[in-house]
Amino acid sequence: MKIFLRLIVVVCLMSSMTAFAQNYPQGYFRNPLNIPINLAANFGAVRSNHFHMGLDIRTNSQENLSVVAAADGYVSRIKVERYGFGNAVYITHPNGYTTVYAHLNKYFDKLDEYVKNQQYKDEKWEQDISFSPNQFPVTKGQLIALSGNTGGSAGPHLHFEIRDTKTEECINPLLFGFNIPDGIAPIISGLYWYDRRFSTYEPGANGIVVKKAGSVYTSNIIQVNSPQISFAIKAVDKANQGFNLGIYDAELLMDGKLVYSFKIDRIHYNDTRYINGCVDYIKFVRDKMSIQHLSNLPGMKLPNYSSGSNGMINLSDNEIHNIEIILKDVNGNTSRLTTKVQMNNSSEKVSSNSKTVFPNESKTIKTENAEINLSKNAVYDAVNFNMSEKSDAEAVSNAIILNSPYIPVHDNYSLKIKPNRKLSNEEKNKTVIELNYGSDKNIIKPKWSGDWAEGQFNRLGTARLLLDNGLPSVSPSWKEGSVVTTSSLRLKGSTKIGDIESFRAELDGKWLSFARIKDDFVYVFDEKCPKGSGSHTLKVTTINTAGNSNTQTFTFQR
């Protein structure tokens, strides 16, 4: 009988493994580098306004390591962009998946030549090119690029994704059986509860001290003053290399019954901004803390993420209830937190007002000189929206205070601002809207409707109209008319307000390709300007956000 039971267990395990392999083929994809995979970030890690959508693989702090195709297929797309992926390669495979390799320095020779020719044909450095299956076929392990630090990268590494070719959803690459040693369970450093009678933003998180007792985390009994609460957890995962990684799988149980769970298997880029409804956004932006909700906020609609109920804990019976939180990584390493919770009294519910913005309801809020229009998808939880004005001597409008930069919005909202004086048409053409959200600014050129300037934004903060009469400019890294002995020409861009939106360089009257690297423009010498070719004239035209244009001429010898 025991042997029979063992056979049943083995058959069930084999069946489970077979089903898993059918969903995510094991061993089909190889390591995209020729060094062991050492992770700096995993799939689903918390980032500003998005989940991390792949693996960040360390390149030993070096650039120009060989990047190889993870499996047979063909190059179906490349991207060249200032931020984001920088230089990226997409390879489509016959098994229904597409792999993505980003922050590259250089493509393999034939592809690099094709991209360069297209740039000169379009007279445009940024590119997004799709290819047919017979143009650039590749085999597993074939060199496709050199690693780098381009785009929105903060240091040399390879960003690697696996996508469903048909749906374009990103899938957790760790589900495909890569050999990454990991014997470390997630580490829990904090537990928080929220009064869910109103909103997680008011009054906000209540911290609970967590301690580790042997192999289990615990806390003192949690006494709360609300009959309805939810929890959130502060935790990180670690692979054997020691980097802080994101949590893959979490479960919340009360009295042994599953209340809520999330698992990060697949996410579409169209949905990745829902991260702002999965974390305590105030703690993330203000305190740089990653705290993940173990409940669904009413406006959080990320598919294929959570299961169980909505995560609400009902304590109206005043009884003591057992709470267990279980965290797992992809390899099954598990951590547990056990505690108890009880309502000992009930305080008054936080009240709403006429300007409260609720999930799933659109809202228009006005002041004397401004108007904001929020869609029904704007907020994840109820927000008592405070909007006010104050004078601003630097601006041509009052400063419009849009609630707080610590409250997230999911999609674009429309903002209208009226200037504090009559502007001429020429002044309107040189006016921008600046939104200051504390850590940075977003500056755009508005559309005008009569005396109202209108723009679209997806963060809150303080907005104002600025008149920009300044010209953009670039500064060369070489002395005017000198012999340039370096391997490249570098121009540092600057503009008083906003950004340089357009850049065009002509060498002796012909368009020359400069890469945009943050605020710099870089041309690496090639056959367009060979050594020993004599004196050259470089004409550069820049246009900033307000539309102001400036043309500069530089000379050098080569």
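**View 1. Ile91 in its strand.** Ile91 belongs to strand β7 of this predicted model. The strand covers residues 87-92. Buried or exposed? With a relative accessible area of 0%, Ile91 falls under the 20% cut-off, so Ile91 is buried.

**View 2. The surroundings of Ile91.** Neighbours within four places in sequence are left aside here.

**View 3. The whole chain, for orientation.** The protein chain has 558 residues, and 51% of them are buried. Ile91 is one of the buried residues. The secondary structure comprises 4 helices and 48 strands, with β7 among the strands. Along the principal axes, the C-alpha trace spans about 85 × 70 × 35 Å. Which share of the contacts with a separation of 6 or more joins residues 24 or more positions apart? That share is 69%.

**View 4. Surface and charge of the chain.** The accessible surface of the protein chain is about 25600 Å². Carbon and sulfur atoms account for 48% of that surface. The chain carries 62 positive and 55 negative charges.

Note on methods. Residues numbered from 1 in each chain as written. Predicted model: local features only at pLDDT ≥ 70, side-chain atom pairs only at ≥ 80, totals over all residues. Heavy atoms only, no water. Helix = DSSP H or I, 4+ residues; strand = E, 2+ residues; numbered from the N terminus. Buried < 20%, exposed > 50% of the residue type's maximum accessible area, 1.4 Å probe, protein only. Contact = heavy atoms within 4.5 Å. Areas by Shrake-Rupley, 256 points an atom, 1.4 Å probe, with all protein chains shown as cover. Lys, Arg positive; Asp, Glu negative; His and termini not counted. Charge placed at Lys NZ, Arg CZ, Asp CG, Glu CD.
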